[in-house]
Amino acid sequence: MRRVSILGATGSVGQNTIDLIARAPGEYEVVALTGASNIAQLAEDARRLNAQVAVTADAARLEDLRAALAGSGVQAAAGQAALEEAASRPADWVMSAIVGAAGLKPGLCALEQGAVLALANKESLVCAGALILSTARRHDTHLLPVDSEHSAVFQGLVGEDMATVERIIITASGGAFRDWPLEALEHATLAEASSHPNWDMGQRITIDSASMFNKALELIETKEYFGVRPDQIETVIHPESLIHAIVGFVDGGLMAHVGPPDMRHAIGYALHYPERRDLPVARLDLPQIAQLTFREPDLRRYPALRLARAVMERGGLSGAVFNAAKERALDAFIAGHIGFLEMAEIVEEVLTRFDAETGRIDAEMTLDNVMQTDHLARERADQVMAERAG
Ligand code: NDP
């Protein structure tokens with residue numbers, strides 16, 4: 001039996017992963033499931049999959065989790081140390097699907113015990129790409145991309161020589177506001193930003209799709225994971241969300257990955273790699289789809305894409321600053337404290353100030369430095385927002 005753990009099991013990617021695992025009883029031994037606030041879901045899945053341990057990141061919810069697991073034989077644990085202990089338990093394959101920079105440390109723990117890390121948590125690569133890749137190498141294991149775009153690129157590269165790759169084109173749906181008049185964006189509400197035209201995902205990534213901060217993170221993730229130069233990475237708006245990415249080769253050929261907008265394809269590919277297995281996803285009917293369309297992204301509508309370019313060029317710890325500022329600005333938008341367009345303005349200001357005032361961007365990429373940078377950038381973002389409000 002393959003031993004698997006799912007970090008962020010109660011979220012959108014986590015639930016899709018559980019769906020695939022639950023369809024193959026007897027094939028997997030579930031080591032750890034982790035969540036944060038959704039205790040009922042965590043306990044239900046831990047019972048159903050007979051997990052060794054269920055962990056909530058929220059220490060205050062330990063008693064609730066214990067009560068929900070009473071009599072099941074599943075161990076209950078809570079808090080950051082318990083999360084890291086669970087990620088460190090021997091497993092063959094670990095899904096990293098916690099949202100945000102909080103996913104970095106548990107992902108590193110999983111690599112350190114030698115597991116293959118299926119990486120949905122793109123923030124890990126954005127904040128600490130070199131660290132996470134070197135940790136995998138040191139422990140003689142590897143990462144598999146789960147973001148649908150990066151899974152698509154990965155699949156397009158099977159059997160290919162990286163030296164023959166000319167460019168990587170990451171597609172974007174354009175999010176909820178793709179066709180809105182520019183002047184209306186300023187007044188976009190939380191509810192409007194929280195609905196995606198094609199994908200069913202967690203709230204934070206859905207809002208990040210509307211602002212294209214999600215795509216910005218993915219561009220940086222592409223640079224880190226595939227080791228290509230920023231000028232080799234392109235973005236194109238593709239409203240149908242059926243082509244997930246395209247790899248362009250030196251002979252002019254383009255290899256496009258086409259598939260339904262269902263995360264279980266990319267998760268299933270990473271779960272069964274290097275095999276391909278039958279997956280419970282819709283089969284595309286091309287005559288019915290009839291056409292696939294593409295447009296240039298408008299940088300006035302999506303300033304996050306311009307910021308991603310700056311981060312890729314700057315390198316060092318600028319990804320950690322970018323992500324932390326984005327997370328704080330997103331928190332403030334969700335809380336109703338700032339407007340939709342202000343998110344990018346705040347991130348840009350934090351990036352500029354942090355670089356000019358701290359000199360930390362070029363510090364060595366250790367876990368401590370990344371976490372400290374993350375912390376300081378969050379403080380800067382709060383400071384910038386307080387100044388703007390006052
Ligand atoms: P969700 O918000 O749906 O789920 C996040 C998960 O992380 C939940 O299990 C949540 O627990 C847990 N969590 C939240 N905060 C913390 C914390 N501080 N410490 C530990 N665990 C925490 O997110 P998604 O599933 O949408 O996304 C997960 C990751 O995958 C993100 O990095 C996202 O960018 C990436 N991704 C997502 C895709 C999608 O289709 N959704 C596609 C590609 C990538 P609880 O719910 O119990 O509070």
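The model is predicted, so to speak of local features a pLDDT of at least 70 is needed, side-chain atom pairs count only at pLDDT 80 or more, and totals for chains, interfaces and linings use all residues. Residues are numbered from 1 along each chain as its sequence is written, and side-chain values use heavy atoms, with hydrogens and water left out.

Oxygen atoms of the ligand lie 2.9 Å from a backbone N or O atom of Val13, 2.9 Å from a polar backbone atom of Asn38 and 2.7 Å from a side-chain N or O atom of Glu123. Of the 900 Å² that the ligand exposes when taken alone, the protein buries 84% (accessible areas come from the Shrake-Rupley method with a 1.4 Å probe).

Attention now turns to helix α11. Ten of the ten residues of α11 (residues 263–272) are buried, so this helix is largely enclosed by the rest of the structure; buried means under 20% relative accessible area, with a 1.4 Å probe and protein chains only. Among them are Met263, His265, Tyr269 and His272. At the start of α11, a side-chain oxygen of Asp262 comes to within 2.9 Å of the backbone nitrogen of Arg264, another buried residue of this helix.

How values were computed
Polar contact = N/O pair within 3.5 Å; in protein donor to acceptor, adjacent residues only side chain to side chain. Buried < 20%, exposed > 50% of the residue type's maximum accessible area, 1.4 Å probe, protein only. Helix = DSSP H or I, 4+ residues; strand = E, 2+ residues; numbered from the N terminus.
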